[in-house]
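Trainee: Could you take a close look at the aromatic rings in this model with me, and then at whatever surrounds them? I would like the cut-offs spelled out as we go.

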Amino acid sequence: MALDIATCDHLLSTTRAVRKRLDLSRPVPREVVDECLELAIQAPTGSNSQNWRWVVVDDADKRQALAELYRQGGEAYLTGASERADASGDAQTARVFSSALYLMEHLHEVPVHVIPCLVGRPGAGASVTAMGGYFASIYPAVWSFQLALRARGLGSCLTTLHLGFEKEAAQILGLPKQVVQTALIPVAYTLGTDFRPAKRPPASTITHWNGWRD
């Protein structure tokens, strides 16, 4: 069956990191999250390991606790980065950090947090090759999950700021020591669905064929 290229291209080019336009008042049914995860796990994994695990949090107290860790991990960084972006006059970057600060302040209100995990910790001093393969076993599935959400009228964004308190988060969630959290994905329906492609430089200006060219 031939794919509808226009629809696929629209999905790929308009799946944004959604923060301010997450609908904090509308519940997300568990079956919708399950549908998106079923699609996500069709993604490839290194050595076909399929060692991903997904922790879905809709309990209000646990979301509150995770949001507090997120704030501890990110408040100083996000506040400083936002101030620098405002001072630089870079309107697009300023909007991004304003959005990130909004999410930090409202994360506990987002109806679902999804934490993608990997079973098995990389060894101490793991090589670039090993670490690349390690995270390559989860992030394709994360992106597939986000695309599946977008197709169903939901938004998300990839965040990692709570990972500075990984042990505390693991305790909240009852995770075994060998399970590694790789992100926290806020999930909610979106306020409107009219997302557009972001402003990016043409690919031709950042692409090098057969070697680096200045």
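Mentor: Happy to! Searching the whole structure turns up three aromatic pairs, where rings of Phe, Tyr and Trp (its six-membered ring) pair if their centres lie within 6.5 Å, and planes under 30 degrees apart count as stacked, over 60 as edge-to-face and the rest as tilted. Please keep in mind that this is a predicted model, in which local features need pLDDT of at least 70 and side-chain atom pairs count only at pLDDT 80 or more, while totals for chains, interfaces and linings use all residues. Residues are numbered from 1 along each chain as its sequence is written, and side-chain values use heavy atoms, with hydrogens and water left out.

Let's begin with W54 and F145, a tilted pair with 6.1 Å centre to centre and 45° between the planes. This pair links distant parts of the chain, as W54 sits in strand β1 (residues 52-57) and F145 in helix α6 (residues 139-151), 91 residues apart. Helices (H or I, at least four residues) and strands (E, at least two) are DSSP runs, numbered from the N terminus. Both W54 and F145 are buried; buried means under 20% relative accessible area, exposed over 50%, and partly exposed in between (1.4 Å probe, protein chains only).

The C-alpha atoms of Q42 and F145 are separated by 9.8 Å, although the two residues are 103 apart along the chain.

Now for the stacked pair: F135 and Y139 have 5.9 Å centre to centre and 15° between the planes. F135 counts as partly exposed because its relative accessible area is 27%, and Y139 is partly exposed too, at 31% relative accessibility. Ring pairs join Y134, F135 and Y139 into a cluster.

Two other rings have an arginine over the face. R21 lies over F195, at 4.1 Å from the ring centre, and R26 lies over Y189, at 3.6 Å from the ring centre. Here a charge sits over a ring if NZ of Lys or CZ of Arg is within 6 Å of the ring centre and within 35 degrees of the ring normal.
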